[in-house]
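Here's a quick tour of one protein chain, written for someone new to reading structures. Have a look at it first, then work through the points below.

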Amino acid sequence: MNITYAALLEQVKSYQPGKYHTTRNYTNGAVTSWSPYISRGFLSPVLVMEQLKTKHNKQEWIGFMQQMAWREYFQRVWQQKGDLILQDLKSSQTNIILEQLPLPIQNANTGIHAIDNAIHQLYDTGYLHNHLRMYLSMLHSNIFKAAWLPGANWMYAHLLDHDPAANFLSWQWVAGTFSSKKYIANQDNINKYTNTKQVGTFLDTEYEYLQTSIIDDSNTIQSKHLVNWPDPLDQKFEIDVATILKNIEKKNQSKIFDINLALPNTPYCIYNSFNLDPLWHTDEEVNRILLLEPNHFEQFPVTEKVLQFIVDLAITNIPGIQIFIGNFEDLYQHIETISMSDKNITSEKNNAIIYFKEHPTTLHYKGIQEIRDWLFPEVDGYFPSFFGYWKKCERYLK
Ligand SMILES: Cc1cc2nc3c(=O)[nH]c(=O)nc-3n(C[C@H](O)[C@H](O)[C@H](O)COP(=O)(O)OP(=O)(O)OC[C@H]3O[C@@H](n4cnc5c(N)ncnc54)[C@H](O)[C@@H]3O)c2cc1C
């Protein structure tokens, strides 16, 4: 999924949004796969919409715009609620039987072909169609009746487009803790949207029986599953972040920040996994640092493959970028040390200039905060539902 910015822009320019709205729920619909770049702050949603608007009429781009607004809506909820997005937001998840990740999901042997293939696709590519994410999370939380957070953490860790707001709030939406009811789908629905024809599965049933198709009303696993699946059925999913960061450091040794190579008396642009904007301060001479903070990844772990994708995207598109593996405070101390020695030479009194972008993950940074691109900068604050939010956005649609 690594790509040059120029190649991605070509994709944006040639994209035809007209069929998006009617086909987006089908796995072979006119979706873009741009989320790994949008989530990484590499592709601006504003630039995307400007491009689409120059060539297409409103009827063609409005469906696409609405989905882009879903992303922005989740960002606004995160901005307002902070870490509360990691807890049941509106109501408690009911009827939890499993506390950890169901093993048939982790091992891709649920028996539902479209879902097992999706899990392999997630492991292999780090990307999944929206409907497949919904099927996976509804199976996890509403049919295996597992607490939603372990499943959300597992999916997040493997997604190139991992984003706490979009991911955790979507999982909550499916589990009914950020929506009015739990989302479920049966085999007919899965067959229709994934172009499969599977019959006779435990999801091949009427909607009223779906929620007891694995774990029945007395909270026991239906006997027909016992031969296929392990006991216990769930297991803790863990990621060793410290080892992953060490491996990333080893693999990318030539790009690791070297204090001696910092340009003296020169500002710093701090990039991170949510800000890889290749157009940021491009015309200026600055020290460009990709900050990978252990504290952040301990809270939101990702796999080594996902972290290497971030590093590759940065190295390919941001000339001169160096990687700093450590928390912001450690980097800040280095920058201060460098700026003190600069001052000895120049006798200037000012501290080093540090630029970063506003984001829930940069609240502890120091320096000059710049705003990120918003499609609807006017519509901020907390909206309990997307449709209330969208109604307000519509006032600003041109
Ligand atoms: C359980 C679950 C977990 C999810 N986790 C994430 C995540 O970690 N990161 C993430 O970016 N998205 C997440 N999504 C939202 C959505 O699935 C992806 O953004 C979308 O599938 C990305 O594929 P695409 O770029 O081909 O989307 P397209 O359909 O081409 O849409 C274009 C862009 O609009 C935005 N978008 C579209 N649909 C949604 C949506 N339902 N919610 C939010 N934004 C949307 C994305 O930025 C996307 O790139 C999740 C959805 C579910 C149901």
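Predicted model: local features only at pLDDT ≥ 70, side-chain atom pairs only at ≥ 80, totals over all residues.

**The big picture**

Counting up the secondary structure gives 18 helices and seven strands.

**Overall size**

- A compact globule of 398 residues would have a radius of gyration near 21 Å, and the chain comes in at 23 Å, which agrees.

**Around the ligand**

- There are 28 residues surrounding the ligand, and the closest are T32, S35, R71, N167 and S170.
- Helix 3 (35–39), helix 5 (58–81), helix 8 and helix 10 (164–175) are the elements that each give two or more residues to this shell.
- Sorted by class, the shell has 12 nonpolar, 11 polar and five charged residues.
- So where does the ligand lie? Domain 1 and domain 2 both give residues to the shell, so the ligand lies between them.

**Helix 5 and helix 18**

- The axes of helix 5 and helix 18 (residues 386–394) come within 10 Å and cross at roughly 115°.
- Helix 5 passes helix 18 in a right-handed crossing.
- From helix 5, Q66, A69, W70 and Y73 meet F386, Y389, W390 and C393 of helix 18.
- This contact has seven nonpolar residues, one polar residue and no charged ones.

**Helix 8 and helix 9**

- Helix 8 (residues 130–143) and helix 9 (residues 148–158) have axes that come within 9 Å and cross at roughly 145°.
- The crossing of helix 8 with helix 9 is right-handed.
- Helix 8 brings R133, L136, S137, H140 and S141 to the contact, while helix 9 brings W148, G151 and M155.
- Which classes do the residues of this contact fall into? They divide into three nonpolar, four polar and one charged.

Methods
Residues numbered from 1 in each chain as written. Axes fitted to C-alpha atoms, helices over the stretch in contact; angles between N-to-C directions. Helix = DSSP H or I, 4+ residues; strand = E, 2+ residues; numbered from the N terminus. Left-handed = near helix turned anticlockwise from the far one by under 90°. Contact = placed C-beta atoms within 7 Å. Nonpolar A, V, L, I, M, F, W, Y, C, P; charged D, E, K, R; others polar. Near = placed C-beta within 6 Å. Domains from an automatic or database assignment. Rg over C-alpha atoms; globule rule 2.2 N^0.38 Å.
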